[in-house]
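Please read the following explanation alongside the sequence and the coordinates.

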Amino acid sequence: MVDWLTMTIQVASLAMAGWCLVSTFRDQPMVVPHLVGMGLLWLLVLGQVGATVVTVVGGDRPAETAMFVSYLATVALLPPACAVWGFMERSKWGPAVIAFACLILPVLFVRLEQLWNPVA
Amino acid sequence: MPETTAPTARTLRTGPGRLLVAVYGVFALAATARGGFQLATKFGEAPLAYALSLFAGVVYLVAAVGLARAGRISRLVALVSCSVEVVGVLVVGAASVLMPEVFPDDTVWSHFGGGYLFIPLVLPVVGLWWIMRVHRVDRD
């Protein structure tokens with residue numbers, strides 16, 4: 001896994017969560033800029049997942065490969081799934097869904113890094 | 001947010017229900033994957049704990065689907081699965097504190113969901129509150 005990319009994703013995700021929480025408390029629905037933000041976040045996540053898959057296929061894999069791959073699949077699917085689910089809702093609860101997803105994402109990356117480097 | 005009188009078919013998954021379904025979806029995935037992997041890879045170590053994790057995951061999945069789908073039957077399904085979760089987290093939580101030897105490994109419900117920020121304890125209560133609320137709004 002690319003360490004600086006994980007850091008970037010975690011910071012971006014938390015920033016996105018903060019923005020969406022502000023929108024929720026201001027009683028605003030999800031708008032296109034939210035969606036663009038989620039798209040950018042998703043690109044970062046896909047970059048990390050892609051780079052990691054290449055490494056894993058290359059033979060450098062963690063001990064619990066199956067668990068690791070299932071976490072990878074989850075982080076790859078979580079942003080678009082929640083973005084669509086939130087965008088369908090035309091009330092302040094749309095950004096609330098995204099905020100939740102963006103708070104879960106950094107935690108998932110912590111787990112991924114733990115599985116990747118069990119000693120750390 | 002203005003409380004609109006949307007038709008029965010939509011209310012459970014709109015508004016706060018939207019967030020509830022998302023949280024349930026993530027928990028369904030987490031608990032099912034955890035229980036499934038543990039049962040598959042180290043069944044002998046703590047079969048009861050792993051089976052319970054898998055069971056909890058399936059209940060979360062049923063609740064998520066029940067909340068997300070429209071209609072009376074799914075509302076009943078959501079009601080029953082949220083009730084099962086309340087009982088599950090209370091019984092397993094109490095058992096894990098009083099008889100830790102029964103649970104050599106943790107489940108999502110151990111220590112009343114403490115390993116998951118107590119979300120497993122709060123989630124079904126919020127779920128039940130939401131179902132009751134929508135049900136009352138519908139009846140009026």
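B:Phe118 is partly exposed because 14 other C-beta atoms lie within 10 Å; a residue is called buried when 20 or more other C-beta atoms lie within 10 Å of its own, exposed when there are 12 or fewer, and partly exposed in between, with C-beta atoms placed from the backbone. The model is a predicted one, in which local features need pLDDT of at least 70 and side-chain atom pairs count only at pLDDT 80 or more, while totals for chains, interfaces and linings use all residues. Residues are numbered from 1 along each chain as its sequence is written, and chains are lettered from A and ligands numbered from 1 in the order in which they are written.

B:Phe118 belongs to the loop between α4 and α5 of chain B, where helices (H or I, at least four residues) and strands (E, at least two) are DSSP runs numbered from the N terminus. Its phi is near 65°, a positive value in a residue other than glycine. The loop between α4 and α5 of chain B also holds B:His111, which is not a glycine and yet has a positive phi of about 50°. B:His111 counts as buried because it has 20 C-beta neighbours inside 10 Å.

Helix α5 of chain B contains B:His135. This histidine counts as partly exposed, because it has 15 C-beta neighbours inside 10 Å. B:His135 is 123 residues from B:Leu12 in sequence, but their C-alpha atoms are 8.8 Å apart in space.

The UniProt record, an unreviewed entry, assigns "transmembrane region" to residues 19-37, 49-69, 76-99 and 111-131 of chain B; positions follow the numbering used here, feature names are shortened, and annotations may be inferred rather than shown by experiment. Residues 76-99 of chain B are 96% helix and 0% strand, with end C-alpha atoms 33 Å apart. Residues 111-131 of chain B are 62% helix and 0% strand, and their end C-alpha atoms lie 26 Å apart.

For chain A, the unreviewed UniProt entry lists residues 36-56, 68-87 and 93-112 under "transmembrane region". Residues 36-56 of chain A are 100% helix and 0% strand, with 30 Å between the end C-alpha atoms. Residues 93-112 of chain A are likewise 100% helix and 0% strand, and here the end C-alpha atoms are 29 Å apart.

How far apart are the end C-alpha atoms of α2(A)? They are 36 Å apart, which agrees with the 38 Å that its 26 residues should span at 1.5 Å a residue; the expected span is 1.5 Å times one less than the number of residues. The buried residues of α2(A) are A:His34, A:Met38, A:Leu41, A:Val45, A:Gln48 and A:Thr52. An α-helix has 3.6 residues a turn, so residues three or four places apart point the same way. The cover over the buried residues of α2(A) includes α1, α3 and α4 of chain A. After α2(A) comes A:Gly59, with a positive phi near 115°.

The two chains meet through 12 residues of chain B and 17 residues of chain A, contact being defined as C-beta atoms, placed from the backbone, within 7 Å. On the side of chain B that touches chain A, nine residues are nonpolar, two polar and one charged; Ala, Val, Leu, Ile, Met, Phe, Trp, Tyr, Cys and Pro count as nonpolar, Asp, Glu, Lys and Arg as charged, and the others, Gly among them, as polar. Leaving aside residues up to four places away in sequence, B:Ala22 touches A:Cys82, A:Trp85, A:Val97, A:Phe100 and A:Ala101.
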